[in-house]
Amino acid sequence: MTEQTDARSDYLQRFDHSLAQMGAADRMELVAEIRSHIAEAEQAGSPLEGILERLGTPDRLARGYAVTSLVSNTQARSPIRVVRAAALLTTMSLSSLLVVPVLVVTSLGFVVSGVLAVLAGIAGLGLGPETVRISPPTYAGAMAAIAVGVGVIGVGLLAGLGLRAYVSWAARALRTARLLN
Amino acid sequence: MVWNEDSAAEWAAQLRRGVLELCVLGAIAEEPRYGYELVTALAATAPLAAVEGTVYPLLRRLKQAGLVETTWRESTSGPPRQYYRLTPIGRRALRSMRTSWRDLVQGVDTFAGEMVG
C-alpha cells in the first residue's frame, strides 16, 4: 500500500515539476485534476499501474498540456508571452532549438543597436543632452547614423514578427503530431 | 509531397481530433460531467482511439477556447471533482459541428456505399 502511495505521489510530483513553465494557478489546477482522476479510477477498482500508463508519463502528459497553452499563447500580441512560448518550444522540438535563439538574438540585437545608432545620430546633431554632445558635429554623418539606425530597428522588428510566425506554426505542427500520437 | 505512412497517420490523427472534439461537447450537452467520468467514457469507446493522457489536454484546450467551463465540487468519496459544461459558445459550436458531421457522413455514404457493395 505504501508502495502504491509512493508511486502515486511520485507521479504527481513529477507531473507538477514538468509543468514548471506554466503559471502557479494553472499548475495547481492541472495537478488537482490528475490527482482526482487517479483517486476516482482507483476507487473504481483499476490497478494503479494501468491508470498511470493510460495517462502517459508525467513528462508526456505535461507536454500535452504545454502544447495546448502554447497554441493559445502564440495568438497573443504580447512579446513576453510569445518569447515564453518560444522558450517552451525549444524544450519540445529540435529545430526550434536552433531557429528560436537565432531569431531572438537577431531581433533583440538589431533593435538595440538600431536604437543606439539613432541616439548616437541625435547626439551628433547636437540635439541630445549637453553631456553626450559630440563636437564638432558632422551633419551628414549624424543623419546617416539615424537613417541606418531606423533601418536596423526595422530589421529587428521583422525578425520579431518572424519569431511569432515561426512559434505559431511550430506549435500547430507539434499539436498535430502529438495530440493523438 | 509523397503520400507515406506518416501522412496517413497524420490524416487519421486530424480526422479523429476533430471528431473527438464533437464527442466531448456532445457528452456534456445534456448535463455537466466530471473529468474522470467524461474521460473514461470517451476512452472506453474504442474507435475514437482516445486515451486519458490525450483527452485531458483536449479538455483544457476547449476550456481555453471558451467552449466549455468548469467548476470544482466536493465529492463524498474522495478529492474534489472538476465538472465540465458547455458555454453558450460551446453550444453553438456543437450545433454546427453536428450539422457538419451529418452532412459529411451522408456525403461519404453516397460513395462508400457503392464501393462496399
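Let's start with L89(A). Leaving aside its neighbours within four places in sequence, L89(A) is in contact with L70(A), S96(A), V100(A), V167(A), A170(A) and A171(A). Contact here means that the C-beta atoms of two residues, placed from the backbone, lie within 7 Å.

Quick housekeeping. This is a predicted model, so local features need pLDDT of at least 70 and side-chain atom pairs count only at pLDDT 80 or more, while totals for chains, interfaces and linings use all residues. Residues are numbered from 1 along each chain as its sequence is written, and chains are lettered from A and ligands numbered from 1 in the order in which they are written.

Okay, back to L89(A). Along with A85(A), V167(A) and V24(B), L89(A) is one of the residues with the most contacts inside the largest nonpolar core, which has 48 residues. Helix 4 of chain A, residues 58-73, gives the largest share of this core, six residues. At least three core residues come from each of domain 1 (1-56) and domain 2 (78-181) of chain A, with bounds from an automatic or database domain assignment. A nonpolar core, by the way, is a set of buried Ala, Val, Leu, Ile, Met, Phe, Trp, Tyr and Cys residues joined through C-beta atoms within 7 Å. Buried means 20 or more other C-beta atoms within 10 Å of a residue's own; exposed means 12 or fewer, and partly exposed is in between, with C-beta atoms placed from the backbone. Helices (H or I, at least four residues) and strands (E, at least two) are DSSP runs, numbered from the N terminus.

Now, why does L52(A) count as buried? Because L52(A) has 21 C-beta neighbours inside 10 Å. You'll find L52(A) in helix 3 of chain A. The C-alpha atoms of L52(A) and Y11(A) are separated by 7.9 Å, and these two are 41 residues apart along the chain.

Next, where the chains touch. Chain A puts 21 residues into the contact and chain B puts in 26 residues. On the chain A side, helix 2 (24-43), helix 3 (48-55) and helix 4 each supply at least two residues. Helix 2 of chain A gives the most, with eight residues.

Over to chain B. From the N terminus on, its elements run α-β-α-α-β-β-α, which is four helices and three strands. Of the 117 residues in chain B, 26% are buried.

Take helix 1 of chain B, residues 5-27. Its 23 residues reach 32 Å from first C-alpha to last, close to the 33 Å expected at 1.5 Å a residue; the expected span is 1.5 Å times one less than the number of residues. L20(B), C23(B), V24(B) and L25(B) are buried in this helix.

And the strands? Strand 2 (residues 68-75) and strand 3 (residues 78-86) of chain B pair in the antiparallel sense over seven bridges; two strands pair if DSSP finds at least two bridges between them. A hairpin joins strand 2 of chain B to strand 3 of chain B through two residues. S75(B) stands opposite G78(B) in strand 3, and W72(B) has Q82(B) as its bridge partner there. Strand 1 (residues 33-34) of chain B also pairs with strand 3 of chain B, antiparallel, over two bridges. There, Y34(B) has Y83(B) as its bridge partner.
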